[in-house]
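Welcome! Please take a moment to look over the sequence and turn the model around before reading on.

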Amino acid sequence: MKNILTYIEIKEGAPIKLSLEALSKASEIAVEKGNKSLALITEELKDDELNKIKGAGASDIVLVKRDAYNMEDFSNIIVEVAKKYDCEDIFIPGTLDGKDLAPNVAATLDTVSITNVMEIKFEGEEVLYVSPSYGATVLTESKLNKAPRIITVRAGSFDKREDLSGAGNLVEENIDEVRDIKSIIRDVVMAAGAEINLEDAPIIVTCGRGASSDEIFPLVKELADVFDAPISGTRPVIDDGVLPKASQIGQSGKIVSPALYIGCGVSGAVQHISGMENSGFILAINKDEDAPIFKLADVGIVGDCKVILPLLIEEVKKIKENA
Ligand SMILES: Cc1cc2nc3c(=O)[nH]c(=O)nc-3n(C[C@H](O)[C@H](O)[C@H](O)COP(=O)(O)OP(=O)(O)OC[C@H]3O[C@@H](n4cnc5c(N)ncnc54)[C@H](O)[C@@H]3O)c2cc1C
C-alpha cells in the first residue's frame, strides 16, 4: 500500500461523520504501513472542523476550492489529487454522492470500486474488503488485483477517531474545473423532508408499520421531540406516505449508526436490519414477543406502543428535567 486519500464530504461547513469514520480507518492503516493519510476537502473550513480532520489522523489536508458539487468535476479532482500525491487507495464515504463518485473515479482510472465496505483485512500483501450482500445475510470478501483501489465505506463500520493527531498540513491545489461535463446541475430542489440527516444523528426514533396509525404516530413523534431526534421509518411506512423517502432506513434506504436507535412497531426484517445493525444501543418496542428485532435489541419491551410510548415519554421528560 502507498498513501491513502480520503474524500471528505462536507455538509453545512462541517465534514460529515461518515467521512471522518472513513478517514480514521485510512489513517490507522497508513500509520501501520508507514504511509501518509491524506484528506481531500473542496471548501475552506473553520479551525474547529480542520481539527476534526487532524484528529482523524490526516497528515495532509488538500484543499481544492469549489462552489458546488458536480460529480464529473469532483471525480476529476479525486483522480488528480490521488495521482499527484501517489495514493494507491481512495476511500470515499458511502453516501449518495459517494456512491455516485466512486464508480466514475474507478472508470477514469480503469479499475473498479467496491461499495459498502465494512471491514478491511490484510493477507500478506493482499487487501481483502468485506461488504454485505443479499440484504446483509452474506458477507463477501473481495480483493482488487490492481491499484488504485477505490472503496466506499459503509456508515458505522469504523470508529470515528479524534485522537490520531495527524499533522494536518493544509495545502491548496488549483485544479481546472471540468467544463466538458455531460450533466449540469442547475438547481437542487429538495423534496419535503429530504434534508433529514439521519447519518449523523446520535439518536434516531424509528416508526414501523405497527406504530404508523393515526393513533400511535403522534406518540412516536412526541418521543422523537423529547429526545430532539429525527424520525425514521421502515419501508412500508414510507410507501404509505406517513414519512418521506429520505427517512427510510434499510437496504433500499439509508445506513445509519446512531448511539441510540429506538424501534417502535418494527418487526426487524433483514432489509431493515441491514441499515441499522451498527447502532450503539438498540431499544425495540413490539407487541409480538417473537418479533425478530428482539434478537438484535439490547433492550426489548414486549407491549403495545399505545401503552408503552406515553410511559417512556413521561420517564424521559422526568430524567431531562432532573438533569
Ligand atoms: C428488495 C427489498 C428492499 C427492501 N428495503 C427495505 C428497506 O430499505 N427498509 C425497510 O425497512 N424495509 C425494506 N424492505 C421491506 C422489508 O422486507 C419489510 O417488509 C419491512 O422492513 C417491514 O416493516 P415493518 O417492520 O414496519 O412492518 P411489519 O413487518 O409489518 O411489522 C410491524 C410490526 O409491528 C408490530 N406491531 C403491530 N402493532 C403494534 C403495536 N400497537 N405496538 C407494538 N408493536 C406493534 C407487529 O408485531 C410487527 O412486528 C425491503 C423489501 C424488499 C423486498
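## Starting at Lys17

Where does Lys17 lie? You will find Lys17 in helix α1, which covers residues 17–33. Keep in mind as you explore that this is a predicted model. Setting aside neighbours within four places in sequence, Lys17 makes contact with Lys160, Glu199, Asp200 and Ser257. Glu126 is 109 residues from Lys17 along the chain, and 28 Å separate their C-alpha atoms.

Lys182 sits in the loop between β12 (169–172) and β13. Lys182 and Glu72 are 110 residues apart in sequence, but their C-alpha atoms are 8.1 Å apart in space. Is Lys182 buried or exposed? Lys182 is exposed, because its relative accessible area is 76%, and the cut-off for exposed is over 50%.

## Two buried residues in strands

Next, look for Asp89 in strand β6, which runs over residues 87–93. Asp89 has a relative accessible area of 0%, so this residue counts as buried. Which residue does the side chain of Asp89 meet in a polar contact? The partner is Arg149, and the contact between the two side chains is 2.8 Å.

Ser232 belongs to strand β14. Ser232 is likewise buried, with a relative accessible area of 0%. What surrounds Ser232, leaving aside neighbours within four places in sequence? Its contacts are Leu198, Ile204, Val205, Thr206, Cys207, Leu243, Ser247 and Ile249.

## Helix α5 and its cover

Helix α5 takes in residues 217–227, and its buried residues are Phe217, Leu219, Val220, Leu223, Ala224 and Val226. What covers them? The cover includes the strands β13 (203–207), β14 (231–233) and β15 (260–264), together with helix α9 (305–322).

## Around the ligand

How many residues are around the ligand? There are 25, and those that come nearest are Arg209, Thr234, Ser252, Ser267 and Asn286. By type, this shell is made up of six nonpolar, 14 polar and five charged residues.

A polar backbone atom of Gly210 is 3.4 Å from a nitrogen atom of the ligand. Gln248 places a polar side-chain atom 2.8 Å from a ligand oxygen, and a polar side-chain atom of Asn286 also lies 2.8 Å from an oxygen atom of the ligand. On its own the ligand would expose 980 Å², of which the protein buries 75%. Which elements give two or more residues to the shell? They are α6 (235–239) and α7 (270–273).

## Cysteines

How many disulfides does the structure hold? The count is zero. Cys305, for instance, is in no disulfide: its nearest cysteine sulfur belongs to Cys264 and is 5.1 Å away, whereas a disulfide needs the two sulfurs within 2.5 Å.

Why does Cys305 count as buried? Its relative accessible area is 4%, and buried means under 20%. Cys87 is buried too, because its relative accessibility is 7%.

Note on methods:
Residues numbered from 1 in each chain as written. Predicted model: local features only at pLDDT ≥ 70, side-chain atom pairs only at ≥ 80, totals over all residues. Heavy atoms only, no water. Buried < 20%, exposed > 50% of the residue type's maximum accessible area, 1.4 Å probe, protein only. Helix = DSSP H or I, 4+ residues; strand = E, 2+ residues; numbered from the N terminus. Contact = heavy atoms within 4.5 Å. Near = heavy atom within 4 Å. Polar contact = N/O pair within 3.5 Å; in protein donor to acceptor, adjacent residues only side chain to side chain. Areas by Shrake-Rupley, 256 points an atom, 1.4 Å probe, with all protein chains shown as cover. Nonpolar A, V, L, I, M, F, W, Y, C, P; charged D, E, K, R; others polar.
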